[in-house]
Amino acid sequence: MPVITCIEDLRVLAKRRVPRMFYDYVDAGSWTESTYRNNSLDLASIKLRQRVAVDMDRRTLATRMIGENVSMPVALAPVGLTGMQHGDGEIHAARAAEKFGVPFVLSTMSICSIEDVAANTSRPFWFQLYVMRDRDFIGRLIDRAKAAGCSALVLTLDLQILGQRHKDLKNGLSTPPKPTLRNIANMATKPRWCWSMLQTRRRSFGNIVGHASGVGDMSSLSQWTAQQFDPTLNWDDVAWIKERWGGKLILKGIMDPEDAMLAVRSGADALIVSNHGGRQLDGAPSSIAALPAIVDAVGGDIEVWVDGGIRSGQDVIRALALGARGTLIGRAFVYGLGALGEAGVTKALQLIANELDLTMAFCGLRDVNAVDGSILFRN
Ligand code: GLV
């Protein structure tokens, strides 16, 4: 077993252990993947200001996101098909998040259902909503999240249509995977994954199958999304969803200050600056590049968070320094899950917390709530 010292180690191990179509689903962006790459590259280019001879004792990463106490300002982002990275993946990730004291966001496109995750955790998690054409189903989905005690709804606004991901098309991504020779040959080289999948019956979309009427063939994810997701989604729908939900609302996928202002007007509690991990509009700027203008426009009116490209505690502190009050990680925890199950998610969180803690100290601070633009190195 290799010594794991960074998220990259978890990625390498996940690539070895997870069947190609599911590893590729995560480690991919749309079209040329330029936005996907720039999310990380732009973060890495932000330089930090080192301070010395300041008291670095008694440090804390604890803060709040939408009023909830968190052990660090990092939530686990909603990731579709998490339960295909490892059997019962969403339950494992939610448990790791709960023990670590950070929020877990369950995707609409999860394998384990809202009820499965609620039955296997003891603290409220957040539910991410995709809006589909079947509004009865969406209404019931919101009600199910409420009944399960979810403490926030994360409404994704940037996936009415799906960006083309070449790898998914080439791999014939489906869940469960089709029993083709190629898939069987690939899975045969992943005994840990096969074993974890044999331990569970959850191998399809738990929130959808058996709950939505008229759901036909889900074997082609891209075709299914094109049929079911509602391309007419607009701000009136956001108002309707807010009303039906009646709790804390977070809007995900904002990349423009004008949209951020509309998000504030909608009455949402937080917004997430996000380009969907570079999986939607290829050619959009990195989310860290989009962040400062949005913070300038609405940072005093709403909590602004960011996701995309965060692979370390250094990246988290960079986002905070540019004005984000919270961050989300997707791939970073999913690699941990694919590599080592729940322990791998915990490992990812530990790595990021440790990097964040030490980096904060090197920048001369002891309290994560004090991080601001003054820790940035400017020529
Ligand atoms: C869905 O959330 C995706 O990006 O595949």
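This is a predicted model: local features need pLDDT of at least 70, side-chain atom pairs count only at pLDDT 80 or more; totals for chains, interfaces and linings use all residues.

Residues are numbered from 1 along each chain as its sequence is written, and side-chain values use heavy atoms, with hydrogens and water left out.

Three of these neighbours make polar contacts, that is, pairs of N or O atoms within 3.5 Å. A polar side-chain atom of arginine 165 comes to 2.6 Å from a ligand oxygen, one of arginine 279 lies 2.8 Å from a ligand oxygen, and for histidine 276 the distance from a side-chain N or O atom to an oxygen of the ligand is 2.9 Å. Of the 190 Å² of accessible area that the ligand has on its own, the protein covers 89% (Shrake-Rupley method, 1.4 Å probe).

The ligand takes up the space of the largest pocket, where sitting in a pocket means that more than half of the molecule's atoms lie within 2 Å of its grid points. A pocket here is an open set of points on a 1 Å grid over the protein atoms alone, where a 1.4 Å probe fits, with protein on both sides within 12 Å along at least five of seven lines, and lining residues have an atom within 4 Å of a point. The pocket holds about 780 Å³, the space filled by probe spheres set on the points. Its lining numbers 44 residues, of which Tyr25, Leu159, Arg165, His276 and Arg279 are the closest to the centre.

Terms used:
A polar contact is a pair of N or O atoms within 3.5 Å; within protein, one must be able to donate a hydrogen and the other to accept it, and residues adjacent in sequence count only if both atoms are side-chain atoms.
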